[in-house]
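Subject: Handover of a structure for your review

Dear colleague,

Please find below the structure that I am passing on to you. My notes on its contents follow directly after it.

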Amino acid sequence: MIRRFIRLLLLAALVAAGFAFWMTRAVPLDEDALAGVEGDVENGQRVFTAAGCASCHAAPDTKGDDKLVLAGGQKFPSNFGTFIAPNISPDPTEGIGDWTAAEFASAVMQGVSPEGQHYYPAFPYGAYTKMKKQDLADLWAYMQTLPASDTASQPHDVGFPFNIRRALGGWKLLFMDDNWVLKNAPSEQVTRGRYLVEALAHCGECHTPRNMLGGMDTSRWLAGAPNPSGKGRIPGIAPGAFKWTEGEITYYLETGFTPDFDSVGGHMVAVVENMAELTEGDRQAIAAYLKSVPEQPSE
Amino acid sequence: MKNIVTATVIAGVLAGSAALAQNDGSAQVKARQGQMRVIALNLGVLGGMAQGKIDYDAEAAQNAADSLAGVAMIHQPTLWIEGTSNADREGTKALPAIWEDNADFMTKWDAFVTAANDMQSAAGTGKDALGPAMGGLGDACKACHEKYQQSDD
């Protein structure tokens with residue numbers, strides 16, 4: 001009787017482990033995910049700018065056209081370890097030049113590498129999963145026009161247990177969601193702003209607080225958060241504590257000047273440099289969206 | 001005799017605290033933050049005119065630009081002494097990187113000096129000249145704050 005019970009228990013544990021193993025596997029997109037979608041280089045450049053790819057993947061301390069060499073090497077410290085952005089230039093050996101369009105789509109929208117591994121969510125695929133397939137195809141077309149770099153990617157400096165990539169499958173199950181945070185956009189302009197903020201510019205990645213497992217607390221969307229590098233805070237940008245007008249937000253995203261004519265600083269400088277290259281209409285759409293999200297109390 | 005001792009002790013204590021006030025860098029930090037506020041206040045005038053929020057007035061624009069150029073003349077090494085980063089003390093956002101690569105930091109300040117002088121030449125010539133000159137000033141501010149200021153706002 002007891003032996004049978006133990007046998008049953010072992011069987012149940014095995015089934016549960018198998019189920020967990022199955023559920024946490026890395027699922028790439030189908031090989032024909034982008035079939036029939038023709039990439040447009042010009043729009044790809046706009047997507048590239050709005051998504052801020054170069055801000056993290058350019059080599060450290062680069063400016064101007066050098067930022068288009070996506071050699072990697074910038075470090076991103078966090079509670080889980082230090083992530084180092086990889087080379088995503090079109091170099092076939094050190095970069096991503098030998099990838100297929102579907103592999104690129106799986107990486108950006110699902111966080112799955114061509115080798116079938118999960119990427120760490122320091123790479124904001126949780127936002128990019130909301131990207132339009134056309135924009136993704138355009139981005140892929142544009143990125144293939146950029147200069148190649150043969151700089152080798154460096155391994156992340158992440159300790160146990162966070163170095164078990166399989167566990168990221170569980171993270172994705174818990175926290176990855178391709179639904180909009182702002183369910184109902186009240187206008188065309190806010191719909192555009194929602195796409196820019198939630199999908200491409202991935203503003204929530206820094207401006208929304210996270211739980212102990214590094215999942216975003218969407219009930220406190222854009223409420224502000226501690227700086228993952230340790231010192232300082234990322235400010236809240238939802239209505240409530242954040243009182244800038246739409247015009248002030250738009251001007252800041254273009255010039256880097258706050259309403260008090262203080263200057264943007266830190267990593268946000270790279271963001272503003274990207275936003276300044278968008279159209280005035282897109283900057284206004286971002287501002288309109290930020291005024292449409294739920295109010296967050298000041299802390 | 002007793003009075004002399006008391007006076008000596010009091011004088012000693014006063015001298016001691018005066019020396020402390022000199023050495024803790026708080027005067028330098030205040031001066032740094034003061035010059036940044038003077039910059040922001042005058043950028044507000046010029047930026048407001050560039051945006052059309054304030055009516056363009058050549059004299060007011062020139063006064064604001066002259067003030068920026070005045071700040072640009074302040075000898076910076078006097079203000080940025082060692083031991084006054086946000087790792088050393090409270091109440092400052094100055095990152096230790098300022099002293100790790102001080103030559104680069106001073107290059108960033110020189111960019112502000114150039115941009116402030118450009119604004120000084122442009123401000124009185126008309127509203128349309130303000131936008132590009134503001135752009136140059138913004139670039140100088142961003143370049144320095146990106147690397148050398150703790151961002152928390």
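Both A:Glu198 and A:Lys130 are buried, where buried stands for under 20% relative accessible area, exposed for over 50%, and partly exposed for values in between (1.4 Å probe, protein chains only). The model is a predicted one, in which local features need pLDDT of at least 70 and side-chain atom pairs count only at pLDDT 80 or more, while totals for chains, interfaces and linings use all residues. Residues are numbered from 1 along each chain as its sequence is written, chains are lettered from A and ligands numbered from 1 in the order in which they are written, and side-chain values use heavy atoms, with hydrogens and water left out.

A salt bridge here is a side-chain nitrogen of Lys or Arg within 4 Å of a carboxyl oxygen of Asp or Glu, and helices are DSSP runs (H or I, at least four residues), numbered from the N terminus. Over all chains, the count of salt bridges comes to nine.

Another of these connects A:Glu205 with A:Arg210, with 2.9 Å between the closest N and O atoms. A:Glu205 counts as buried because its relative accessibility is 16%, whereas A:Arg210, at 35%, counts as partly exposed.

In chain B, the side chains of B:Asp104 and B:Lys147 meet in a salt bridge at 3.2 Å, N to O. B:Asp104 lies in helix H5 (residues 102–122) of chain B and B:Lys147 in helix H6 (residues 130–148) of chain B, so this pair ties together parts that are 43 residues apart in sequence. B:Lys147 has 28% relative accessibility and therefore counts as partly exposed.

Domains of chain A

The domain assignment, which is automatic or from a database, divides chain A into domain 1 (41–175) and domain 2 (188–290). Taken over C-alpha atoms, the centres of these two domains of chain A are 21 Å apart. Their contact (heavy atoms within 4.5 Å) takes 25 residues from domain 1 and 24 residues from domain 2. Between them the two domains bury about 1,900 Å², 58% of it on carbon and sulfur atoms; buried area is the accessible area (1.4 Å probe) that two parts lose on being put together, summed over both. Two salt bridges are found across this interface.

Aromatic rings

The whole structure holds 15 aromatic pairs over all chains. In one of them, A:Phe123 and A:Tyr125 are edge-to-face, at 5.9 Å centre to centre and 85° between the planes. Rings of Phe, Tyr and Trp (its six-membered ring) pair if their centres lie within 6.5 Å, and planes under 30 degrees apart count as stacked, over 60 as edge-to-face and the rest as tilted. A:Phe123 is partly exposed, at 23% relative accessibility, while A:Tyr125 is buried, at 0%.

Yours sincerely,
A colleague

Definitions and conventions
Helices (H or I, at least four residues) and strands (E, at least two) are DSSP runs, numbered from the N terminus.
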